[in-house]
Amino acid sequence: MFVKSVKKYGVAYLFLAPSLIGLLVFTLYPVLDSLYLSFTRWDGLTPVQWIGLENYRHLWSDETFKISLLNNLYYTVVTVPLTIILSILLALLMNAKVRGINLFRVFYFFPNITASIAVGIIWGAMFTQYGPINTILRFIGVSNPPAWLASTSLALPAVMLVSIWKGVGYNAVILFAGLQGVPRHLYEAAELDGANRFKKFIHVTLPGLSPVIFFSVVTGIISSFQVFDTVMAMTQGGPGRSTNVLVYYIYNSAFQNYHFGAASAMSYVLFVIIFILTLVQLQMQKRWVTY
């Protein structure tokens, strides 16, 4: 049976082999190895020490982990809905048949193709005390503009603003493609029933876009829990721990403090959080997504 299978699909196996080997070596092995490390204490130099669930128990009393988790939840609750809402509005603008619309579409996609680290550095400079943003605020009459990235209450909102600015273009392009799939005859039927623009948007456009919105919500929540580069470039978790998020804390634990076991445990906690949130969304989509 095996020999027959090899003869029949041998060429296909050869073509698949590089991808399968890469998957096993660069994805499956690191995943399983990090799972093993999460039950150990290891600093990268001394022998690995098995400690069972100690890393997971320690997270319950780790204040920095709790703050990072709360910051991440705050970041997700604010950035995902705002990004989706602004993306829908932008997609509607992109769908308008006006002169120069193609240039407009390209312009709003630029932030997405720019490296996140570069975006973070540039916005970090813009948020400085004497940067362009505070200069504009002084020009319009604000005598004492805030030190955005030095404030424990404003630093995380500043990071959120940059993330929203960067993510809107990508989601708008996906939603714009979704708009092209909404059947025209539904708009015509709504017009015959006397629906105005707002009612057509509520009863035709939004249901037609719901599968695309669902995709954007799922990927947006996953991305929000993986935010790292913007935080790294703009605040490095500070001031204090006000912008510390989970992935940045995992990075610090592993590559700054050499607590590879604890960092692996946090990674799996993060995985479980994302997995549960995705399952919840898959269940809830039956109530509001129209296929």
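Modeller: Start with helix H5, residues 116–126, and helix H7, residues 155–180, whose axes come within 11 Å and cross at roughly 130 degrees. The model is a predicted one. At that angle H5 and H7 count as oblique to each other, and H5 passes H7 in a right-handed crossing. On the H5 side the contact is formed by Ser116, Val119 and Trp123, and on the H7 side by Leu161, Val162, Trp165 and Lys166. Sorted by class, the contact of H5 with H7 consists of 5 nonpolar residues, 1 polar and 1 charged.

Now follow H7 to its other partner here, helix H9, which covers residues 197–225. The axes of H7 and H9 come within 9 Å and cross at roughly 140 degrees. That angle makes H7 oblique to H9, and this crossing is right-handed. From H7, the residues Tyr170, Asn171, Ile174, Leu175, Gly178 and Leu179 take part. They meet Thr205, Leu209, Val212, Ile213, Phe215 and Ser216 of H9. The contact of H7 with H9 divides into 8 nonpolar and 4 polar residues, with no charged residue.

An unreviewed entry lists residues 12–32, 73–94, 106–127, 147–165, 206–228 and 258–280 under "transmembrane region". In the model, residues 106–127 are 86% helix and 0% strand, with the end C-alpha atoms 26 Å apart. Residues 147–165 are 58% helix and 0% strand, and there the end C-alpha atoms are 20 Å apart. The unreviewed entry also lists residues 69–281 as "domain: ABC transmembrane type-1". Over residues 69–281 the chain is 75% helix and 0% strand, with 20 Å between the end C-alpha atoms.

Along the sequence the order is α-β-β-α-α-α-α-α-α-α-α-α-α-α. The radius of gyration of the protein is 24 Å, well over the 19 Å that the globule rule gives for 291 residues, so the protein is more spread out than a compact globule. Taken along the principal axes, the C-alpha atoms fill a box of roughly 75 × 70 × 35 Å.

Tyr56 lies in helix H2, residues 54–59. Leaving aside neighbours within four places in sequence, Tyr56 is in contact with Ser38, Phe39, Ala265, Tyr268 and Val269. Tyr56 and Phe104 are 48 residues apart in sequence, and their C-alpha atoms are 49 Å apart in space.

The peptide bond from Gly238 to Pro239 is cis, with omega near -5 degrees. Gln236 is also placed in the loop between H10 and H11. Gln236 has a positive phi of about 55 degrees, although it is not a glycine.

To return to the part you asked about, H7 makes a contact with H5 through residues including Leu161 and Trp165, and H7 meets H9 through residues including Ile174 and Leu179.

Methods
Residues are numbered from 1 along each chain as its sequence is written. This is a predicted model: local features need pLDDT of at least 70, side-chain atom pairs count only at pLDDT 80 or more; totals for chains, interfaces and linings use all residues. Side-chain values use heavy atoms; hydrogens and water are left out. Axes are lines fitted to C-alpha atoms, for helices over the stretch in contact, and angles run from 0 to 180 degrees between N-to-C directions. Helices (H or I, at least four residues) and strands (E, at least two) are DSSP runs, numbered from the N terminus. Angles under 35 degrees count as roughly parallel, over 145 as roughly antiparallel, 65 to 115 as roughly perpendicular and the rest as oblique. A crossing is left-handed if the near helix is turned anticlockwise from the far one by less than a right angle, and right-handed if clockwise. Contact means heavy atoms within 4.5 Å. Ala, Val, Leu, Ile, Met, Phe, Trp, Tyr, Cys and Pro count as nonpolar, Asp, Glu, Lys and Arg as charged, and the others, Gly among them, as polar. UniProt positions are given in the numbering used here, feature names are shortened, and annotations may be inferred rather than shown by experiment. The radius of gyration is taken over C-alpha atoms; the globule rule is 2.2 Å times the number of residues to the power 0.38.
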